[in-house]
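Dear colleague,

Please find the structure below, followed by a summary of what was found in it. I would be grateful if you could read the summary with the structure open beside it.

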Amino acid sequence: MLPENCTVDMPTHNSVIKPYCLSHGTLECYSLKASRRFYEEFLGLECVRHGKPAMVIRGGMRFHIVCVEVGDQIHPCSLLNHWGVDVATREEVDQAHANAIANQAKYGIRQVLPQQEMHGVYSFYLEDLDHNWWEVQHYANGFQHDDFFDFGDRFSMDEEGDAANLDELKK
């Protein structure tokens, strides 16, 4: 499903930092052991514990998420702060949704929202045991990342956002 070469040329900007890639993000967990089980067994991600308080997780690309065990100091996220997991078909979204519901107690999944068509994908959201949100999605046109950047800006930066109309903020 992924293009053979998952890299893109960085545009030349007059920026302070000259990155060659966006390499990682970070999320928090209560317990590395419980979260790793969810990431590997349910989400199908690869995990490596690289430090005593942390591990890295990845899925099919040279981008990783650092998962840091913070125990009761965790900061729950809103649905808009979510991680996306792409699957090959709509049927896989439906199967993942059914599996999320069936395995809610086993993996400590807090919420599973209904499947929906939204922002060009068929998907659903779930809140994991650590209050992190995940979107399992299918994009019918292949790799959504390419289309976002190939199509370019669709709205002017002079236009205000309309966050008041986002249903996701009400979850």
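**Histidines**

Histidine 145 is partly exposed, having a relative accessible area of 35%. Please bear in mind throughout that this is a predicted model. Histidine 145 belongs to helix 4, which covers residues 144–151.

Histidine 97 sits in helix 2, residues 90–102. With a relative accessible area of 10%, histidine 97 is buried, since the cut-off for that class is under 20%. Leaving aside residues up to four places away in sequence, histidine 97 touches Val112, Leu113, Pro114, Gln115 and Phe124.

In general, most residues other than glycine have a negative phi. Histidine 119, however, has a positive phi near 45°, and histidine 131 has a positive phi of about 70°. Histidine 119 is found in the loop between strand 7 (116–118) and strand 8 (121–127). Histidine 131 is placed in the loop between strand 8 and strand 9, the latter being residues 133–138. As for accessibility, histidine 119 counts as partly exposed at 43%, whereas histidine 131 counts as buried at 14%.

**Cysteines**

How many disulfides does a search of the whole structure find? The search finds zero. A disulfide is a covalent bond between the sulfur atoms of two cysteines. For cysteine 29, the closest cysteine sulfur is that of cysteine 67, at 3.5 Å. That distance is too far for a bond, because a disulfide requires a pair of cysteine sulfur atoms within 2.5 Å. Cysteine 47 is likewise in no disulfide; its nearest cysteine sulfur, also that of cysteine 67, is 7.8 Å away.

Are these cysteines buried or exposed? Cysteine 29 counts as buried at 0% relative accessibility, and cysteine 47 is buried with a relative accessible area of 6%.

**Overall architecture**

The protein comprises four helices and nine strands. Read from the N terminus, the order of the elements is β-α-β-β-β-β-α-α-β-β-β-β-α. The radius of gyration is 17 Å, close to the 16 Å given by the globule rule for 171 residues, so the protein is as compact as a globular protein of that length. The C-alpha trace spans about 45 × 35 × 35 Å along its principal axes.

Considering contacts with a separation of 6 or more, 53% are between residues 24 or more positions apart. Of the 171 residues, 33% count as buried.

**Surface and charge**

The protein exposes about 11,600 Å², and carbon and sulfur atoms supply 53% of that area. Its charged side chains number 14 positive and 27 negative. The centres of these two sets lie 11 Å apart.

**Points to check in the structure**

- Helix 2, where histidine 97 is found, and the contacts of this histidine, including Val112 and Phe124.
- The loops that hold histidine 119 and histidine 131, with their positive phi values near 45° and of about 70°.
- The sulfur atoms of cysteine 29 and cysteine 67, which are 3.5 Å from each other.

With kind regards

Conventions: Residues numbered from 1 in each chain as written. Predicted model: local features only at pLDDT ≥ 70, side-chain atom pairs only at ≥ 80, totals over all residues. Heavy atoms only, no water. Helix = DSSP H or I, 4+ residues; strand = E, 2+ residues; numbered from the N terminus. Rg over C-alpha atoms; globule rule 2.2 N^0.38 Å. Buried < 20%, exposed > 50% of the residue type's maximum accessible area, 1.4 Å probe, protein only. Contact = heavy atoms within 4.5 Å. Areas by Shrake-Rupley, 256 points an atom, 1.4 Å probe, with all protein chains shown as cover. Lys, Arg positive; Asp, Glu negative; His and termini not counted. Charge placed at Lys NZ, Arg CZ, Asp CG, Glu CD.
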